[in-house]
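Biologist: Shall we go through this one together, question by question? I'd like to start with a single residue and then widen the view.

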Amino acid sequence: MILSDLVDAAVYEDGRQLGFVVDVRLALDGPVTGLMAAPRIVGLLVSARTSTSFMGYERTGTNAPAVIARYLAYRHRGTFLVLWEDVRTVGGGDAAGSADARVELRPGFRRWSAALEQHGTASQA
Amino acid sequence: MKRLLGVALGVLTAIGGFLDIGDLVTNSVVGSRFGMTLTWAVVLGVIGICLFAQMAGRVTAVSGRATFEIIRERLGPRTAGANLVASFLINLLTLTAEIGGLALALQLASSVEPRLWVPVAAFAVWVVVWRAKFSVLENVTGLLGLTLLVFTFSVVLLDPDWAHLVHTAAAPQIPASEGAASYFYYAIALFGAAMTPYEVFFFSSGAVEEKWGPKDVSQSRLNVLIGFPLGALLSLSIAAGATLVFLPQQIEVSTLSQVVAPVAEAGGKVALAFVLVGIVAAVFGASLETTLSSGYTIAQFFGWSWGKFRRPSQAPGFHVVMILGLLVGAGVLMTDVDPIRVTEFSVVFSAIALPLTYLPILLVANDREYMGDQVNGRVLNGFALVFLVLIVVASVAAIPLMVATGAGA
């Protein structure tokens, strides 16, 4: 599986569609391989209404130009972070991973704030 | 003193390098059909390119990243890939138009059939891109391009009714002989000619080539804010010349010899010699810029090493893309296609593609993670957002207007 398989995938809980994967959040805290720490998947960002990009406005310090920031926040209202441990299955897509990729969440999973803390600013979510 | 000279050189090359075949042809056609009534579109275009180039230059100077590196980083591979395809194809169209314009200019100077000039022109562009130093190619073509000021002198020599010219520019009315659709189609063409995307690819990548840092931001701002408006004055002079010579006789400009006719009429052979040197220099400069831009966009997207500051053997992909771009452009021109028509299409498609590069630059210019304290201020963002709306409107309206008017015919 590669990251592109996950991005755009439809997200379900108990057969009910919750939205689409718009981003995959990674942490660079794995064992050092070569020059860098290996990335680890923290979780998926799930947007309820659109599979288009957040364009970086999920970071809390990024809010200019205000018109664009507000529009994107509105497009992505209700976006949440679901931890990778709460993802039950990933599949349903074809080999290329494009068509109908499907992510099934564990029932009773927890929704985390999608905001990404930046420069020590407080989370507003 | 050295710094002052640097500023002067930068401003002069910005003036001389402002015009390309798209500006030359579009302004002349518009002058012959609409007089000075579309001056507002040139003014909007030059304000837009000042905003855009200034933001792109600052983003590159502060972050060290050129336009397509940013687009790839910010939009992700898929959206950026679609953006790359559109931007690259439109740049290729512009490249084709510039090489064709170069061949037409050489034809005017020599009376040798333009299709014989196409391979020579493409080869000359390649040799310079392969061998010449970046600063040399930019400064020589920019300074020689200053001879285009003869367009402005010609307007004075033609002794126009200034009050009437200024009045038609300041209180524009659609001429009775033209429809509103054609009028706005050419407004978009003028806007696209002033705000061609390659200018920004070239400007931002050029900032990397010349190793700009944050301390160079103020100089780049001066180059842009003084040089581009003076360049636009040349655009308006071309339109004014065509207005004076062709509009009263209802002759529509459709060849490069007509573009220079007002200069020949006003100043005779000497003026004509100056304008031909200027056109060859300006269009050759633009051919270099579009050729380099084809390499810049692809290499930056795929993360290849790029740039004239490297030897060709250190940036092979970059040079191969440019060679292929020149071959395709020259190949297209060897068919029956009319370079002037290619130019007319290239400026409109430039307007269509503009949001693709403008939006990412605007977003990154506001991003503290890249820019630190040098993010856009409130006033600048206000203007930038107004232009975002204008750019999107022009982009969306261009295709319906192109269909409705039969591409301005």
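Biologist: Which helix of chain B is the place of Ala103(B)?
Modeller: This is a predicted model, in which local features need pLDDT of at least 70, side-chain atom pairs count only at pLDDT 80 or more, and totals for chains, interfaces and linings use all residues. Residues are numbered from 1 along each chain as its sequence is written, while chains are lettered from A and ligands numbered from 1 in the order in which they are written. Helices (H or I, at least four residues) and strands (E, at least two) are DSSP runs, numbered from the N terminus. On that basis, Ala103(B) sits in α4.

Biologist: Does Ala103(B) count as buried or exposed?
Modeller: A residue is buried if 20 or more other C-beta atoms, placed from the backbone, lie within 10 Å of its own, exposed if 12 or fewer, and partly exposed in between. Ala103(B) has 25 C-beta neighbours inside 10 Å, so it counts as buried.

Biologist: Leaving aside neighbours within four places in sequence, which residues is Ala103(B) in contact with?
Modeller: Contact here asks that two C-beta atoms, placed from the backbone, lie within 7 Å. With neighbours within four places set aside, the partners of Ala103(B) are Pro114(B), Trp117(B), Val118(B), Ala121(B), Leu333(B) and Pro339(B).

Biologist: How far apart in space are Ala103(B) and Ile279(B)?
Modeller: In sequence, 176 residues separate the pair. From C-alpha to C-alpha, Ala103(B) and Ile279(B) are apart by 11 Å.

Biologist: At roughly what angle do the axes of α12 and α13 of chain B cross?
Modeller: Axes are lines fitted to C-alpha atoms, for helices over the stretch in contact, and angles run from 0 to 180 degrees between N-to-C directions. Helix α12 spans residues 256-302 and helix α13 residues 316-333, and their axes come within 8 Å. The crossing angle is roughly 130°.

Biologist: What does that make α12(B) relative to α13(B)?
Modeller: Angles under 35 degrees count as roughly parallel, over 145 as roughly antiparallel, 65 to 115 as roughly perpendicular and the rest as oblique. The crossing of these two helices is at roughly 130°. That makes α12(B), relative to α13(B), oblique.

Biologist: How many residues of each class are in the contact of α12(B) with α13(B)?
Modeller: From α12(B), the contact takes Thr291(B), Leu292(B), Ser294(B), Gly295(B), Ile298(B) and Ala299(B), and from α13(B) it takes Gly317(B), Phe318(B), His319(B), Val321(B), Met322(B), Gly325(B) and Leu326(B). Ala, Val, Leu, Ile, Met, Phe, Trp, Tyr, Cys and Pro count as nonpolar, Asp, Glu, Lys and Arg as charged, and the others, Gly among them, as polar. The tally is seven nonpolar, six polar and no charged residues.

Biologist: How far apart are the axes of α5 and α12(B)?
Modeller: Helix α5 covers residues 114-131 of chain B and packs against α12(B) at an angle of about 65°. The contact joins Val125(B), Val128(B) and Val129(B) of α5(B) to Ser287(B), Leu288(B), Thr291(B) and Leu292(B) of α12(B). The axes are apart by 10 Å.

Biologist: Which element gives the most to the side of chain B that touches chain A?
Modeller: The contact takes 13 residues from chain B and ten from chain A. On the chain B side, α4 (67-110), α15 (368-371) and α16 give two or more residues each. With four residues, the one that gives the most is α4(B).

Biologist: Over in chain A, what is the phi of Met55(A)?
Modeller: Most residues other than glycine have a negative phi. Met55(A), in the loop between β5 and α2 of chain A, is buried, with 20 other C-beta atoms within 10 Å. Although not a glycine, Met55(A) has a positive phi of about 55°.
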